[in-house]
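Reader: Could you take me through this structure, please? I am new to it and would like to ask questions as we go.

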Amino acid sequence: MFTTHRLYILLAVTILTLAAGAAVPVLFAVGKLLLLAVVLLVAADGGALWYRRGITATRQLPERFSNGDPNDVVITIENHYPFTVRLEVIDEIPFVFQRRDIAFKTIIKAFRAPSASVAPAKRLCYQLTPTRRGVYGFGHVRVFASTRLGLLQRRYTLCQPQDVKVYPSYQMLRQYELLAHSRHLSEMGIKRIRRVGNNTEFEQIKDYVVGDDYRTINWRATARRHLLMVNVYQQERSQQVVCVIDKGRMMQQAFLGMTLFDYAVNASLVLSFVAINKEDRAGLATFADAFDTFVPPSRQPGHMQLLQEALYAEQTEFGETDFSALIAGLERHAQRRSLLVLFTSFMQMAALQRQLPFLRQLAMRHRLLVVFFEDEEQRDYIAAHPTDAEDYYRHVIAEKYAYEQRLIVTTLRQYGMQALLTTPRQLSVNVINKYLEMKASS
């Protein structure tokens, strides 16, 4: 049982009236009547709340949460009391969210048993956006019920504690899948790259534009539309695409609450999905101070689920990255020439120089795309105008770091490797565009 502010106000008025009765005897009698009324009202309020268990609730969670995306949580509360109740609802969400605003106030109408077969209910919805993978534990749902009098509250402890697993962003996969089926990938920035050459697998029919090969004209479609129509072909060559993710300490840097490693995980899943839809075989490898996880390239049904399960429990490490271990691991597991998409972090030229011999060795056996991250906040800071002498020095230092990252891209290309410098926010789109560009040029 919990008392409310309304009861304290009534008690304060009663006590003041009784105290004033020392000077005015009539008020003392009025105070005694008020005290009796308060006692009767409290008894009636308590009896109405405790004579039966009148509140039930259920909490609906997704089977798994999608990392970095809003996930819906729904609480349904039913009133079995024969009177209208006022409720305060608090959900014990996982502490990792550090939110104190998951509390709701609502009113549910009375349950009319003879005429209503279903108890009145309210649906309370809110969203949670996790920024790290793992198991998240929900506690109970605490409901504080009161009558229209509002003198007492009865606390209900509802819904059993439950755990939910946070997986890499599968909502992003669904979004790309829907756009791919509707051919609206350009809305997300995915470019359609046409390859001129030996594309022999039919894709679609489109309007003729200047520059199209006249040998691909579809005369039947042209006759029906009275417009020149051409066949579009896509390449039928299949290749292996292996996403290689660095788990070293540099990938622990965070942007908008998510680490660079988690951005790389989400981008790897999306790239694998696109590669499989392009008839390529997608694989996965992770490493830090040692070669860790390896999922062989495949495009069999259920392979995307296998990749999600492999990435679900992956975590970064505090040690330095050992690229020699990566080479040794790929020598054992990926002997066929593949497109390696390496997600790592190079902040300075000195960091690249230490790893450059290993990257060159990888590029001799495989086609290598090195993806590393641009600091978006640093870029915005450089674009801003300096305000004082100290700010000028800071701008010079920031521009030096930005120049070194551009120099890293140039150096990698000089050694025959592809390089992509991108912000975490645009990682997935830019990696897919780069993959499509490389696939079209192969």
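Author: What follows is a conversation about the sheet, the salt bridges, the aromatic rings and a surface patch of this predicted model.

Reader: Before we start, what should I know about the numbering and the model?

Author: Residues are numbered from 1 along each chain as its sequence is written, and side-chain values use heavy atoms, with hydrogens and water left out. As the model is predicted, local features need pLDDT of at least 70 and side-chain atom pairs count only at pLDDT 80 or more, while totals for chains, interfaces and linings use all residues.

Reader: Thank you. What is the strand order in the open sheet of 5 strands?

Author: The order is β1-β10-β9-β5-β6, and the pairing is antiparallel. Strands here are DSSP runs (E, at least two residues), as helices are (H or I, at least four), numbered from the N terminus. Two strands pair if DSSP finds at least two bridges between them.

Reader: Which strands stand at the edges?

Author: They are β1 (2-3) and β6 (103-108); each has a single partner strand, so one side of each is left without a neighbour in the sheet.

Reader: And how many bridges join β5 and β9?

Author: Strand β5 (residues 85-91) pairs with strand β9 (residues 141-146) over 6 bridges, in the antiparallel sense. Within this pairing, L87 has A145 of β9 as its bridge partner.

Reader: Let us change topic. How many salt bridges does the structure hold?

Author: There are 17 salt bridges. The term means a side-chain nitrogen of Lys or Arg within 4 Å of a carboxyl oxygen of Asp or Glu.

Reader: What is the partner of R133?

Author: R133 forms a salt bridge with D262, and their closest N and O atoms are 2.7 Å apart. The pair links distant parts of the chain, 129 residues apart: R133 is in the loop between β7 (121-128) and β8, and D262 is in helix α5 (residues 260-277).

Reader: Is R133 buried or exposed?

Author: R133 is buried, at 5% relative accessible area, and D262 is buried too, at 4%. Buried means under 20% relative accessible area, exposed means over 50%, and partly exposed lies in between (1.4 Å probe, protein chains only).

Reader: What does K247 meet in a salt bridge?

Author: The side chain of K247 meets that of E314, at 2.8 Å from N to O. This pair also links distant parts of the chain, 67 residues apart, with K247 in the loop between β14 (240-246) and β15 (254-255) and E314 in the loop between α6 (303-312) and α7 (323-333). K247 is buried at 3%, and E314 is buried at 6% relative accessibility.

Reader: How far apart in helix α11 are E437 and K434?

Author: They are 3 residues apart in helix α11 (residues 427-441), which means a separation of about one helical turn. E437 is partly exposed, at 42% relative accessibility, whereas K434 is buried, at 9%. Elsewhere, salt bridges that share partners join K247, D292 and E314 into one network.

Reader: Now the rings, please. How many aromatic pairs are there?

Author: The count comes to 11 aromatic pairs. Rings of Phe, Tyr and Trp (its six-membered ring) pair if their centres lie within 6.5 Å; planes under 30 degrees apart count as stacked, over 60 as edge-to-face and the rest as tilted.

Reader: Why is the pair of F65 and F138 edge-to-face?

Author: The planes of F65 and F138 stand at 85°, with the ring centres 6.1 Å apart, so the pair is edge-to-face. F65 lies in strand β3 (residues 64-66) and F138 in strand β8 (residues 134-138), so the pair ties together parts that are 73 residues apart in sequence. F65 is buried at 0% relative accessible area, and F138 is buried at 3%.

Reader: Which rings are linked into a cluster?

Author: Ring pairs link F287, F323, F346 and F372 into a cluster.

Reader: Finally, where is V24?

Author: V24 is in the loop between α1 and α2. At 38% relative accessibility, V24 counts as partly exposed.
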